[in-house]
Amino acid sequence: MDKYSFLEITAFIGIFLVFFLALFLLTVKTKYRLANCLLAFFLFTNAVDAIKFLMREFPVDYINLEAFRWSINYLVPASFYLYVLSICFSNFRLKPKHLWHIIPFVAFNLYLMSGIYFEDRAAKVSFINAMNQTSIMQFFYFLFEFLFQVYFIASFLVIRKSKTVYLENYTNPNISTLNALYKITILYYLLHFIVLIRWLVTFIFGWGEIRAWIVTLDGFAFLFCTCWYLFTALNNPELFRGVNSDLRPITGAIPKQKLSIPADDEKNKQIEFLKDFMLEKEPHLDSSLTIQDLSEQVKIPVKDLSTLINLYMDKHFFDFVNEYRIEKAMQILKDSSQKELTVLEILYQVGFNSKSSFNTSFKKYTGKTPTDFRKEAL
């Protein structure tokens, strides 16, 4: 089997998996419909681009379709960015203002109209042979790379902000989903880096053996990314869980000069009241507890409560609540009358909903696993 056959088989498997996953996302019944549709579209655009790996020669009989395939690349970075927004922020909705993301796609198609779409075959071939040397095509190459960098940097920033807001306002410890999304973003960025190497090799060495091997590597990387994403999605079924985009990181809501102000008597009283409330009412046993929920219970405005916990107590809301959950779990683990309870039963009882998250938080707080802690306590 030569490298071209290997590339074709690899690309075919990857394209099939991507189209199959896209079809599943479009047809599955879920409340995360928008996120699924955006992901399906992003996967579809990647699959369309990957069709190039199945081509040994330029498709002269389908020049218009091939040219349109080129233009779809201008939708890939934008679709990924919108996908990130949709899964980081649960209240994200597509609006008319988002149509500006398709302007590069429309502009490139207008350029293709002038020399390909409405011309005869000879004129199309002549235009294609000369287009790479034209200044306007060089501009579109630069535009694509610029857009890719901007959209992916924006995606990283959105994920970071979402994680910060999540820790400051929510207690469900499944931030692994945001970490998974961060890794997916890095993976697709690395995949694009291979494309950059291919462009550089083509520019320096031309269409030779080195470029052919890099194209083969690119095709294999496409398949690997597809399989890895499927693996990640299966291991993070709550990948589409988001935070409210109206929430802001506390450091952005409080003037910088106030960040170093120590707690006064009033703040100390509020802190003591909050601690007593947590011990007496045990709101942390609710696995879906948010800072809004706690705010209503303690009768403190959300902004003031967030400031109290994140600034004056120097803790994320996430860590603040989980400490009480771990303390409760420690009490149960040390209680010989409850030794029949499994670790899984205990973690659900104290407000966690993931064994891995419970083990991680418990070891971070105590330095031991729940099982080892129980063995030493009993």
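What follows is a short exchange on helix contacts, cores and salt bridges.

Me: What kind of model is this, and how are residues numbered?
Reply: It is a predicted model, in which local features need pLDDT of at least 70, side-chain atom pairs count only at pLDDT 80 or more, and totals for chains, interfaces and linings use all residues. Residues are numbered from 1 along each chain as its sequence is written, and side-chain values use heavy atoms, with hydrogens and water left out.

Me: Ok. At what angle do α5 and α6 cross?
Reply: Roughly 130°, with the axes of α5 (residues 103–117) and α6 (residues 121–131) coming within 8 Å. That makes α5 oblique to α6. Oblique is what remains once angles under 35 degrees (roughly parallel), over 145 (roughly antiparallel) and 65 to 115 (roughly perpendicular) are taken out. Axes are lines fitted to C-alpha atoms, for helices over the stretch in contact, and angles run from 0 to 180 degrees between N-to-C directions. Helices are DSSP runs of H or I, at least four residues, numbered from the N terminus.

Me: Which residues of α5 make the contact?
Reply: Tyr-111, Leu-112, Gly-115, Ile-116 and Tyr-117. Contact means heavy atoms within 4.5 Å.

Me: Which residues have the most contacts inside the largest nonpolar core?
Reply: Leu-43, Phe-80, Cys-88, Phe-108, Leu-112, Ile-116 and Tyr-188, in a core of 65 residues. Helix α7 (residues 135–169) gives the most to this core, 12 residues. A nonpolar core is a set of buried Ala, Val, Leu, Ile, Met, Phe, Trp, Tyr and Cys residues joined through side-chain atoms within 4.5 Å. Buried is under 20% relative accessible area, exposed over 50%, partly exposed in between (1.4 Å probe, protein chains only).

Me: Switching to salt bridges. How many?
Reply: The structure holds 9, each a side-chain nitrogen of Lys or Arg within 4 Å of a carboxyl oxygen of Asp or Glu.

Me: Where do Glu-66 and Arg-69 sit?
Reply: In helix α3 (residues 63–72), 3 residues apart, so about one helical turn separates them.

Me: What does Lys-328 pair with?
Reply: Glu-282, with the closest N and O atoms 3.2 Å apart. Lys-328 is in helix α14 (residues 317–334) and Glu-282 in the loop between α11 (265–281) and α12 (291–298), so the pair ties together parts 46 residues apart in sequence.

Methods
Helix = DSSP H or I, 4+ residues; strand = E, 2+ residues; numbered from the N terminus.
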